[in-house]
Amino acid sequence: MDQNAAEITHRSIASPGGRIHLAEQGTGPLVLLVHGFPESWYSWRHQLPVLAAAGYRAVALDVRGYGRSSKPAATDAYRMLALVEDNVTVVHALGEESAVVVGHDWGAPIAANSALLRPDVFRAVGLLSVPYTPRGGTRPSEVFARMGGDEEFYVSYFQEPGRAEAEIEPDVRGWLAGLYAALSPDTMPAPGAPDPHFVSKGGTMRDRFPVGRRPAWLGESDLDFYAGEFERTGFTGALSRYRNMDRDWEDLAAFHGSPVTQPSLFIGGALDASTTWSAKAIEAYPVTLPGLVSSHLLDGCGHWIQQERPAEVNRLLTDWLTALPA
């Protein structure tokens with residue numbers, strides 16, 4: 001485990017879903033860090049001490065269903081509205097009225113929707129890897145079904161309860177290692193190779209993962225930590241986020257096409273499918289993120305951006321935070 005983790009304070013707070021586990025470092029204005037799939041608070045291990053040293057109260061949570069946070073049984077307990085409510089609960093439980101929220105991967109839309117739904121609480125929003133896309137006119141399951149063609153897009157593959165779990169849970173460590181490698185610049189499949197975001201008929205995701213290759217950012221102890229968390233919790237809570245996308249689309253009907261107006265930041269990896277597939281979303285930022293302060297695509301960077309390039313991400317985050325209105 002990263003040595004900086006030893007300086008972090010851990011606690012759990014009561015939440016509508018049971019409890020939320022927090023990892024905290026520093027004092028000052030609150031910055032709430034929200035991880036993605038399949039990660040944990042530990043994904044922010046490189047950011048917590050740097051933000052603390054820069055004069056911020058940096059708090060990374062385990063999203064509902066992950067790590068030491070509660071894992072409700074009902075699939076609809078993982079709808080976006082519930083995760084936004086968790087974030088608001090965390091801010092108030094820490095004795096604060098407002099916070100800056102920063103998210104990576106699934107944490108980015110959770111952060112963006114937190115800012116959209118509760119501008120009274122979240123005064124600025126940082127998005128890593130996944131661009132902001134307002135609610136659209138087509139049900140998400142229909143969009144993803146069309147993306148697969150003769151194959152199945154991974155989001156569609158994740159929809160059926162138990163199906164992805166049957167692939168992942170017999171070998172959590174091996175599956176995680178493969179996924180992390182598949183989306184990292186130094187270990188991802190070569191151009192033209194079968195895309196790991198798609199599943200062939202009768203196949204599994206791991207069929208297309210690199211074998212025996214470890215990305216430079218992922219140490220043995222880091223993989224041990226992630227594997228230990230998911231071996232204990234299983235994957236159903238984490239996967240339930242994907243299983244609520246149509247429900248979110250219905251819940252957020254009143255926010256169709258709505259921009260996020262607070263001061264914002266975007267950082268993406270130039271080699272990350274999350275940014276290349278969403279190039280039009282980035283181009284639309286003058287309309288969808290009118291408060292955008294800066295947008296960055298890091299050359300040679302993949303999906304696990306704050307772990308692959310911590311120094312660069314830390315600099316961009318702290319520069320942005322410093323420039324925000326008090």
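Begin with the lining of the largest pocket, which by class has 35 nonpolar, 9 polar and 6 charged residues. In this classification Ala, Val, Leu, Ile, Met, Phe, Trp, Tyr, Cys and Pro are nonpolar, Asp, Glu, Lys and Arg are charged, and the others, Gly among them, are polar. The model is predicted: local features need pLDDT of at least 70 and side-chain atom pairs count only at pLDDT 80 or more, while totals for chains, interfaces and linings use all residues. Residues are numbered from 1 along each chain as its sequence is written, and side-chain values use heavy atoms, with hydrogens and water left out.

**The largest pocket**

Select Trp106, Val130, Thr133, Phe144 and Met245, which of the 50 lining residues lie nearest the centre of the largest pocket. The volume of this pocket is about 1400 Å³. Next, colour the elements that give two or more residues to its lining: helix 3 (107–117), helix 4 (140–148), helix 5 (154–157), helix 7 (172–182), helix 10 (245–251), helix 11 (273–276) and helix 12 (279–283). Helix 3 supplies the largest share, 5 residues. Helices (H or I, at least four residues) and strands (E, at least two) are DSSP runs, numbered from the N terminus.

Pockets and cavities are found on a 1 Å grid over the protein atoms alone: a cavity is a set of points where a 1.4 Å probe fits but cannot get out, a pocket is an open set with protein on both sides within 12 Å along at least five of seven lines, and lining residues have an atom within 4 Å of a point. Grid points are joined across faces, edges and corners, and a volume is the space filled by probe spheres set on the points.

While helix 5 is coloured, select Ser156, which is found in that helix. Ser156 counts as buried, at 19% relative accessibility; buried means under 20% relative accessible area, exposed over 50%, and partly exposed in between (1.4 Å probe, protein chains only).

Move to Met188, Pro189, Asp195, Pro196 and His197, which lie nearest the centre of the second largest pocket among its 17 lining residues. Its volume is about 270 Å³, and its lining has 12 nonpolar, 3 polar and 2 charged residues.

**The cavities**

How many cavities of 30 Å³ or more does a search of the whole structure find? There are 2.

For the largest cavity, of about 70 Å³, select the lining residues His35, Gly36, Phe37, Val63, Arg64, Tyr66, Tyr78, Leu83, Trp106, Ile110, Gly237 and Arg241. By class, they are 7 nonpolar, 3 polar and 2 charged.

The second largest cavity has a volume of about 50 Å³. Its lining includes Ile20, Val34, Leu61, Asp86, Asn87 and Val90. Helix 2 (residues 80–93) gives the largest share of this lining, 4 residues.

Switch to a cartoon view and follow the open sheet of 8 strands, in the order 1-2-4-3-5-6-9-10 with mixed pairing. Strand 1 (9–15) and strand 10 (292–298) are the edge strands, each pairing on one side only. From one strand to the next the twist averages 20°; axes are lines fitted to C-alpha atoms, for helices over the stretch in contact, and angles run from 0 to 180 degrees between N-to-C directions.

Zoom in on strand 9 (residues 264–269), which pairs with strand 10 in the parallel sense over 6 bridges. Two strands pair if DSSP finds at least two bridges between them. Ser264 has Leu292, in strand 10, as its bridge partner.

**Salt bridges**

Finally, show the charged side chains. A salt bridge is a side-chain nitrogen of Lys or Arg within 4 Å of a carboxyl oxygen of Asp or Glu, and the count by this rule is 19.

- Select Arg232 and Glu229, whose salt bridge spans 2.7 Å, N to O. They are 3 residues apart in helix 8 (residues 220–233), and therefore separated by about one helical turn. Arg232 is partly exposed at 49%, whereas Glu229 is buried at 10%.
- Select Glu220 and Arg214, joined by a salt bridge at 3.1 Å, N to O. Glu220 is partly exposed at 44%, and Arg214 is partly exposed at 34%.
- End with Arg11, Glu24, Arg57 and Glu96, which a network of salt bridges links.
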